[in-house]
Amino acid sequence: MPNVTANFSDEVYQHNESFYERLFLEFFTVVGLLSEAANVIFIITIAKNKKLREDVSNIIFLHVNIIQAIYLLATPLTFRISMTFFHVSQVHAIVLCLTYQVEFNMMFGITWFHILVICDWYLKLYHEDTYQKFCRIYKFFIIMLYVVMLMGCSITVHYCLNHRMLAVTYMFMLIGVHLLATTLVIVNVVHLFKKRRILGGRKSTNGLAITNIFFILWSGVLVLLFLEFIGLQIYAPVFVIFLCVLGFSSPVFNLIYLYYCDDYYRVFLRQVIKCERNRYSNEGLESPAVRYQNVNSVAVSET
C-alpha cells in the first residue's frame, strides 16, 4: 500500500518489484476482472429487463454497479504507477493525480450510493407512506451524487496537481465511510428488534444484505487506509493482499447472493449469463401480493 500522506518530492513510490508486489498485482488482476465481469452482468441484467427496473431499489443498485465498474477501471492503473516508478516524473505525477483522485472519488460515490440503498430498504420495509414520496424524488438524489462526485474530482485533482498531495480525497471518503458505518449499525439494530419479514411476493428487500456484504468485505482495507493516514504502517504483506482481495471481490459476492436469494435476479441473471434471450418472458413473472410480518409473527400489511 502506498504512503498516501506524503508528497511527490519524497520517495513515496519505491521501485521494488518484490515477490509480494507481483503477487498482489496477479491476485488483483484476477479478482478485478471477475468483479468487473460481475458489475457488467448486473448492469446488463437490470438495464435490459423492465421488471427489474420497475423497482426503485434495482435502479439504485444499477448505479452502484456503474460506479464500481468505473472504480475497477481506474484502480489497476493507480496500483501499477505507484508500484513501478521510483522517480515520479511530471507526466507520471499528472497521471497519478488523475487516476488516484478519480479512484477515491468513485469510492466516495459508492459509499454514498450504499447509504441511499439503505434508506430505500428501510423506508420500503418500515415506512411505506414515506417510501412513496421517496420514489418520486430518488432521481434527484442520484443526480446530486453524480454532481458531487464530478465536483469532488475537479477540486481534488486541482489540489493534487498544485500541492502534490494525494491524501486530500481521504477527508471526503472517511466522512462517507463514517456515515455508512453509523447508518448500518443503527439500521441493523432496529431491524433486529422490529424484524419484519416478507411472507410472499418478489418485492426486492436485499438492500441491507448487499450493503452489509460490501461493508464487511471492505472493512479490513478501510482500517488499513486509516492506519496509514495517521502514519502507522502494517508490515504484513500476505495479510494486506488477502484484505484487498476480499474488498475488491464484493461484486462477485453480490452476484452469488442475489442469484441464490432473489427469484427475479436468478431468472434474469441466468438469462444473461447463458445468453438465452427469449427463454423467459417478463409477462410470466407477475408479482403476487406482498405481505409483511413483524417479529411477533403478526401480519402488519399487504401490498
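Student: Why is phenylalanine 134 called buried?

Tutor: Buried means under 20% relative accessible area, exposed over 50%, and partly exposed in between, with a 1.4 Å probe and protein chains only. Phenylalanine 134 has a relative accessible area of 6%, so it is buried. Before we go on, this is a predicted model, where local features need pLDDT of at least 70 and side-chain atom pairs count only at pLDDT 80 or more, while totals for chains, interfaces and linings use all residues. Residues are numbered from 1 along each chain as its sequence is written, and side-chain values use heavy atoms, with hydrogens and water left out.

Student: How many aromatic pairs are there?

Tutor: Rings of Phe, Tyr and Trp (its six-membered ring) pair if their centres lie within 6.5 Å; planes under 30 degrees apart count as stacked, over 60 as edge-to-face and the rest as tilted. That rule gives 15 aromatic pairs.

Student: What makes the pair of phenylalanine 134 and phenylalanine 141 stacked?

Tutor: Their ring centres are 6.3 Å apart and the planes make an angle of 20 degrees, which is how the pair comes to be stacked. Phenylalanine 141 has 32% relative accessibility, so this residue counts as partly exposed.

Student: And why is the pair of tryptophan 218 and phenylalanine 248 called edge-to-face?

Tutor: Here the centres are 5.0 Å apart and the planes stand at 75 degrees, and the pair is edge-to-face. It links distant parts of the chain: tryptophan 218 sits in helix H7 (residues 207-229) and phenylalanine 248 in helix H8 (residues 237-248), 30 residues apart. Helices (H or I, at least four residues) and strands (E, at least two) are DSSP runs, numbered from the N terminus.

Student: Are tryptophan 218 and phenylalanine 248 buried or exposed?

Tutor: Tryptophan 218 has 6% relative accessibility, so it counts as buried. Phenylalanine 248, at 4%, is therefore buried as well. Ring pairs also join Phe28, Tyr71, Trp218 and Phe248 into a cluster.

Student: What makes histidine 158 exposed?

Tutor: Its relative accessibility is 51%, so histidine 158 counts as exposed. This residue lies in helix H5 (residues 128-163).

Student: Why are H9 and H10 called roughly perpendicular?

Tutor: Two packed helices are described by the angle between their axes and the distance between the axes. Axes are lines fitted to C-alpha atoms, for helices over the stretch in contact, and angles run from 0 to 180 degrees between N-to-C directions. Angles under 35 degrees count as roughly parallel, over 145 as roughly antiparallel, 65 to 115 as roughly perpendicular and the rest as oblique. The axes of H9 (residues 250-261) and H10 (residues 263-273) cross at roughly 110 degrees and come within 6 Å. H9 and H10 are therefore roughly perpendicular to each other.

Student: Which residues meet there?

Tutor: Contact means heavy atoms within 4.5 Å. On the H9 side are Leu255, Leu258, Tyr259, Tyr260 and Cys261, which meet Asp263, Tyr265, Arg266, Leu269 and Arg270 in H10.

Student: How many helices and strands does the protein chain have?

Tutor: The protein chain has 10 helices and 3 strands. Of its 303 residues, 47% are buried.
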